[in-house]
Amino acid sequence: MNASALLAAEAEVAAATGITAYAWLLIGLPLLGAGILLLGGKATNAWGHYLATALSWASFVLGLLITLSMIGRGAEERAMSVGGWNWVPAGQFQLETGLLVDQLSVSFVLLITFVGSLIHVYSIGYMEHDPDRRRFFAYLNLFVAAMLLLVLADSYLLLFVGWEGVGLASYLLIGFWNHNPAYATAANKAFFVNRVGDVGMSIAIMFMFATFGSVDFATVNAGAAEAGSTAMTVLGLLLLVGACAKSAQFPLQSWLGDAMAGPTPVSALIHAATMVTAGVYLIVRSNAVFDAAPNAQLAVAIVGAITLLYGAIVGCAKDDIKKALAASTMSQIGYMMLAAGLGPVGYAFAIFHLITHGFFKAGMFLGAGSVMHGMNDQVDMRRFGGLSGAMKITWATFALGWLAILGVPPFSGFWSKDKIIEAAFIGEGWRPWVLGGIALLGAGITAFYMSRLFFMTFHGKKRWTDDVHPHESPLTMTIPMMVLAVGSGLLGLVLSWGGMFTSWLEPVTGGHGEEHPVLPVPVLIGLTMLLVAAGAAYAWMLYWRDEVPQVAPRGSLATQAARADLYQDAINEGLFMRPGTHLTRALVFTDGKGVDGLVGSLAATVGGLSSRLRRIQTGYARSYALTMLTGVVAVLGALWVMN
Amino acid sequence: MTAALMSALPALPALPASVGFETTVPGAAFAPVPVAYSAVAPMLIVVGTALVGVLVEAFAPRAVRHTVQVGLALAGLVAAFLVLVLVSVDDQAVTAGGSIVIDGPALFMQGTLLLFGVLGVLTMSERFGGRSADAFTPMGAATPGSPAEAAADRAGFATSEAFPLTMFAMFGMLMFVASNDLITMFVALEILSLPLYVLTGLARRRRLLSQEASLKYFLLGAFSSAFFLFGAALLYGYAGSSDLGAIAQAISASNGDLEGLLLPGVVLTLVGLLFKVGAVPFHSWTPDAYQGAPTPVTGFMAAATKLAAFGALLRLAYVGVEGSRLEWRLGVATVAVLTMVVGAVLSVTQTDVKRLLAYSSVAHAGFILVGVLAYDRTGVSGVMFYLVAYGLATIAAFAIVSLVRSGGSEATHLSQWAGLGRRHPVVAGIFALLLLAFAGIPLTSGFTAKFAAFAPAVAHGGLAGVVMVVVGVLASAVTAFVYFRIIVLMYFTEPTGDDVAALTPSVASTVAITVGVIATVVLGIVPGPVLDLAGRVSQFLQ
């Protein structure tokens, strides 16, 4: 299928029929749940969490039925559009919005609703004793609804609504325990960094309006090829800014680690499986724009490559189990971004890795939550160790996730991550060597820090504090972990059977010819396995065989840098915050004092008027008036000169 | 019409100048001009109510005066609204010797103004269980803190003349958006401004601040009026008439004799109007006046004055001097950019919630100017929609500000709002929603309004339009930072002292706040009907 036929097919998406026509219920059901729980007040305390969970599952079942009906149709007729709601009828800008149900969006729907529902179930146990459990479930439902809106939207604007919605829900959930000031600050940071991305998104949307006169995917995709590569590069970079903020990619990665302050199920759902991958979704969804702008595409790949190393390095030094997992998430999304930046050859693998990662990372986060549950909410891995005996189910499920993220065959990660490494080695000139090399190196570091995390937590000597009595978590928590562990084990194998998943996505991501990496595939697999084995073995030596100190040693300069997130906060502060503060201070100064000073120096010139103004003696009113006068003179003078 | 006004407000300093202008209309000095009474009936009702209000002030017993004044004002506004909707819509015309025009935009804005008026009066009538309106001083003329003031308070005096004053201002605003010549526009400007100067100085608490604000507002207002008047004189000299239509004709005919008068004339009249909307560098009065005025008056002023001024600005720019826009457009575009940037950036460091909202209103004026400069019908409807959305949210926001108290007076320092969300979840929640709307977050009216104002600028504004929109988006990001900081403060920060509390509003205030909140949500989710209406009535009658 060539590109133009593909675009034509996209432009003529059929109106939905059958079960697909009810796709709006996918969003409606969890939204209803959030509404009932928030408005229902205390009356819903007793059963609210069950309702929220049931509605989330209902959404999953509906998504499954829609997917089945889609599989039943031919590849050309799978995409369907739902609704068409004239949101803002402003003149010729008829802002029509609707839903687009295609292969890409249903893949996300299934991931979001399935993992989301499992996490609802898990939260029933995890949040059992929290007085605000009802509010928590309301936010969870709200998040699921917003995330589904994000992936089902048929235009950038509606996507942006979902984008803001998930941001809001994540904000509310990170700061859920807002009685703790540190957590509230974390919520704050997440929001402000995301504002940077939102600015990129808003300008991108305005830019699309200016260029294409419309913001729906069909129009933008159809027009991208003709719009010129400069315009598309600008647009692509703006979208990348948005994607970087949402997906915690370099240089907007700083918030993700702090966001771990939220309850662990939230970290699993939002900051591992779904929301943080929205940036990857955005890039893949905008594939036509990036295909028309090779430079922007390269920027995506570079951002991905930098972040995958960045996250991996930071992950090596973190002792907080959740922060280590967060760094790992950042790194894995870096892989996805890298894949998305490779063009048609990588899009499908980016999404594939996104799906498998959603399972194994969510599973590991839930595992971490289970460990914390049994260890009095401690997170310092230096005080764990030897938990494999006390928490057998958690250990086993976590182990599957660990094997998956390492990319050990036949577990899920092998099928998705190794494909990205292979794809990164495709191309000409320096690119395959640099990008592929980084991806390969990243695999080795990943093996080290994930093994470190796994060994420090579950193996080696017990370094527990005196007051803990580790115990296995209740079934509501372990069952979701087991289900996700099955996914971590098998999903990759199943989905890659005969290239099933990639060919399923092909109508959306575009096809590509047969291309070969610069090194033979078996060599690449061999190299990857070698590095992974080396990384894991080194971790084994340091963190299983040898004694792990209970207090972190000072470490080398590199370790200290990594522990401090490679000084991201200091850099952010120096680069962005201080100039901003200075600018505002300077402006305030001008307004308060400078204008007054101007009165003095201009007094002679303005003569009579100034002295009359001074006689009025009302504090600052004279300077206000002078500002006005200066403004008038300036405007008039400038216009006079120009005409 | 004008004659009636002159007798109603004999103190207008600039009116003698207008006599010379009047003579240009043949026979207008003595022969009565035909007036389409049904078209101007809403204005007559409002001014009539105001005059009756003056009598009430003189003759009604003190005990019932508050109730009577509030009831009268509301009845007048509602009656005017009903007449507007039921009668005036069918009778659109240029009337009163060409000085008043009742057309689509005028009706839309008059209707909105009347709605703002109702909400404004409702919030001003708040008593919190006391004897008189809580926001107003018992005796405006007494020296702050003097025995006379205390005695007036003990005796239960009340400044219930605030309500007739509001009605006079409302009358001026109604006329402002419908005036078809520069003299009428100037008279309307003064009629709306003078009562507002007085109202600004009537705050019950922090009297000195309030009086200072009032004086500053008055002085600077007079200053800007002078600019407007000077500009009008130049335009009269250029066109030989103060009528907007005649000026437009003169510009298109362009015989070249007095070409030099046109640009300064246009710029100076625009400056007079840009002052009222609070555009930089004519904004300096805004923070002081907003902070010093009684809070409900601030809300009313922010919503209604801004709408009226933009109404007049639209008419002047689209009907009167549209033909020369290529010459002055860039100047106003620069003002718009400055307004957005300065308003947004200065709001960052504000520590007083009223000053913060004032700077935010400055930034909003910039956003609206972007729509004005689109030069298209969709721009007109976008601006009108923006004004409705912003006004309704603003009145509600200031009403909320007036509820949050510390030791009897308003807790306007931001630090006092810390942790409000925990103790008063409803008040903080509503305020947060309104802030989200100001920030332009999707699914609130602020988003659709920004969209409606910015989209035409991108489509018809050329490069300048695109640049303004980009600046606008960046500026809204800055203001969003400010608003989110307040939300964070209310929800995630430990309270500083425990004496800050939100009072329970009366039914009247509750209604005003509720209307604002519902409008903010509804205009965000289904803006269609209102946008449709604004789009249908966006054609000016020439």
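In this predicted model, 62 residues of chain B are in contact (heavy atoms within 4.5 Å) with 49 residues of chain A. Local features need pLDDT of at least 70 and side-chain atom pairs pLDDT 80 or more, while totals for chains, interfaces and linings use all residues. Residues are numbered from 1 along each chain as written, chains are lettered from A in the order written, and side-chain values use heavy atoms, without hydrogens and water.

**Interface of chain B and chain A**

- About 4,900 Å² is buried between the two chains, counted as the accessible area (1.4 Å probe) lost on putting them together, summed over both.
- Carbon and sulfur atoms give 83% of this area.
- B:Phe223, B:Phe451 and B:Phe492 supply 14% of what chain B buries against chain A, more than any other three residues.
- The side of chain B that touches chain A divides into 45 nonpolar, 11 polar and six charged residues; Ala, Val, Leu, Ile, Met, Phe, Trp, Tyr, Cys and Pro count as nonpolar, Asp, Glu, Lys and Arg as charged, and the others as polar.

**Helix pair in chain A**

- Helix α18 (residues 412-424) and helix α22 (residues 521-545) of chain A pack at about 115 degrees, with axes 10 Å apart; axes are lines fitted to C-alpha atoms over the stretch in contact, and angles run from 0 to 180 degrees between N-to-C directions.
- Residues making this contact include A:Phe414 and A:Ile421 of α18(A), and A:Leu524 and A:Met529 of α22(A).
- By class, the contact has six nonpolar, one polar and two charged residues.

Methods:
Helix = DSSP H or I, 4+ residues; strand = E, 2+ residues; numbered from the N terminus.
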